[in-house]
Amino acid sequence: MDPNTPGNASQVDALWAAKRQAKKDKRRLRTTPRPKLLINSLMDAFTIILCFLLKSFGSDPVQIRESDDLKLPRSTAVQPLEDAIVIAISTKAIMVQDIKVADLRNGAVDESMKRDGQEGLLINPLFDSLKEKVQHLKMIAARTNQPFEGKALVVAHSGTSYRLVTEVLYTAGQAEFEKFKFVAAEGGSTN
Amino acid sequence: MAKKRRQEEPYEGDPLIPIMNLVCMLIPLLLYGAVFVRFMTLTVNAPKISRAPAQQPPDQNEALNLTVMITDQGFHFKVNPKHRMSWMSQATETASSGPDIPKKDDDWDFDEFRRKLLELKADHREERNIILGAEDDIQFEVLIKAMDYSRGPPEEPLFDVVTLTRGVV
């Protein structure tokens with residue numbers, strides 16, 4: 001192709017102009033504003049998670065957490081939790097309001113911790129701890145002109161022996177607790 | 001010719017970022033307090049500790065005095081002799097008699113337990129009390145299940161006032 005011929009010259013000009021335009025476009029594209037962080041979809045996901053968590057936020061008067069050592073039995077009971085002193089019996093220890101008061105060995109309290117030895121029912125450290133709670137609750141009841149109700153929630157691992165349950169109830173009874181409720185997880189079946 | 005460099009605009013950030021920070025902090029906080037399993041309570045009367053029979057002498061009252069003992073063999077029923085059913089053992093000591101409802105497939109027969117309770121309830125509509133006892137090594141979940149069956153459905157309760165007794169009598 002000879003550029004000196006008139007027809008070919010205009011073609012070359014057109015090509016040249018197209019090339020320049022392409023360069024211009026490229027430069028223009030380079031000057032587009034820097035993209036902002038795209039977090040809209042992340043915000044949507046977080047909002048959904050937030051709503052779900054707000055809905056499932058525990059509004060119970062006492063906080064109970066299951067663990068490998070404290071798996072609660074399932075029950076068909078419908079009574080909700082109420083505010084009371086929590087006595088928890090896990091596979092390893094007895095706790096009062098989340099504070100360990102006695103260790104368990106093979107699901108039983110060591111006889112040295114009992115008032116009357118192996119056959120005894122009263123667990124000394126549990127009794128002392130509950131007595132302290134009772135005094136505190138009685139003081140609050142006196143100041144607020146409310147009667148002392150002596151309510152206790154017994155949160156026990158599903159594999160706890162009946163013997164240990166009765167020992168705990170007996171000890172709590174001796175420490176002036178009168179009303180007991182067992183705590184179980186929702187979801188039992190009687191069909 | 002000196003090339004004029006394009007001056008970059010300062011990046012101001014997304015206005016949603018402070019909200020994102022807040023949400024990110026709220027999520028662990030709410031996760032900590034979230035409850036995925038609901039907990040319920042079962043009312044129980046304080047255990048009668050003596051190993052002696054927990055109620056009045058049976059022949060001195062008209063009440064049913066229903067007592068159920070859970071042993072490794074099954075369920076043992078005791079009632080006021082005036083109201084004793086034909087399927088109940090006549091023995092006064094749990095240990096000296098076989099269970100009224102033996103275990104089935106190595107598990108407690110709770111369906112039969114319910115049937116027997118329904119049978120008793122049919123004859124004693126006003127009665128709500130039951131005394132439950134168990135052998136020392138019976139697990140807590142078995143006791144809770146027995147309490148569930150004893151209580152019955154909320155619309156038609158059976159024996160919903162549960163008192164525990166120590167061991168088997």
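**Exercise 1. At what angle do helix H2 (residues 40–55) of chain A and helix H1 (residues 17–33) of chain B pack, and which residues meet?**

Step 1. The two helices pack at an angle of about 30 degrees, and their axes are 10 Å apart. Axes here are lines fitted to C-alpha atoms, for helices over the stretch in contact, with angles running from 0 to 180 degrees between N-to-C directions. Helices are DSSP runs (H or I, at least four residues), as strands are (E, at least two), numbered from the N terminus.

Before going on: this is a predicted model, where local features need pLDDT of at least 70, side-chain atom pairs count only at pLDDT 80 or more, and totals for chains, interfaces and linings use all residues. Residues are numbered from 1 along each chain as its sequence is written, chains are lettered from A and ligands numbered from 1 in the order in which they are written, and side-chain values use heavy atoms, leaving out hydrogens and water.

Step 2. Look for contacts (heavy atoms within 4.5 Å). On H2(A), the residues include A:Phe46 and A:Leu50; on H1(B), B:Val23 and B:Ile27 are among them.

Step 3. Sort this contact by class: 15 nonpolar, no polar and no charged residues. Ala, Val, Leu, Ile, Met, Phe, Trp, Tyr, Cys and Pro count as nonpolar, Asp, Glu, Lys and Arg as charged, and the others, Gly among them, as polar.

**Exercise 2. Which residues of H2(B) and H3(B) meet?**

Step 1. Helix H2 (residues 110–123) of chain B packs with H3(B) at about 35 degrees, with axes 10 Å apart.

Step 2. B:Phe110, B:Asp111, B:Phe113, B:Arg114 and B:Leu117 meet B:Val142, B:Lys145, B:Ala146, B:Tyr149 and B:Ser150.

**Exercise 3. Why is the pair of A:Phe182 and B:Phe140 classed as it is?**

Step 1. Over all chains there are seven aromatic pairs. Rings of Phe, Tyr and Trp (its six-membered ring) pair if their centres lie within 6.5 Å; planes under 30 degrees apart are stacked, over 60 edge-to-face, the rest tilted.

Step 2. The ring centres are 5.0 Å apart and the planes at 90 degrees, so the pair is edge-to-face.

Step 3. A:Phe182 lies in strand S8 (residues 179–186) of chain A and B:Phe140 in helix H3 (residues 140–151) of chain B, so the pair joins two chains.
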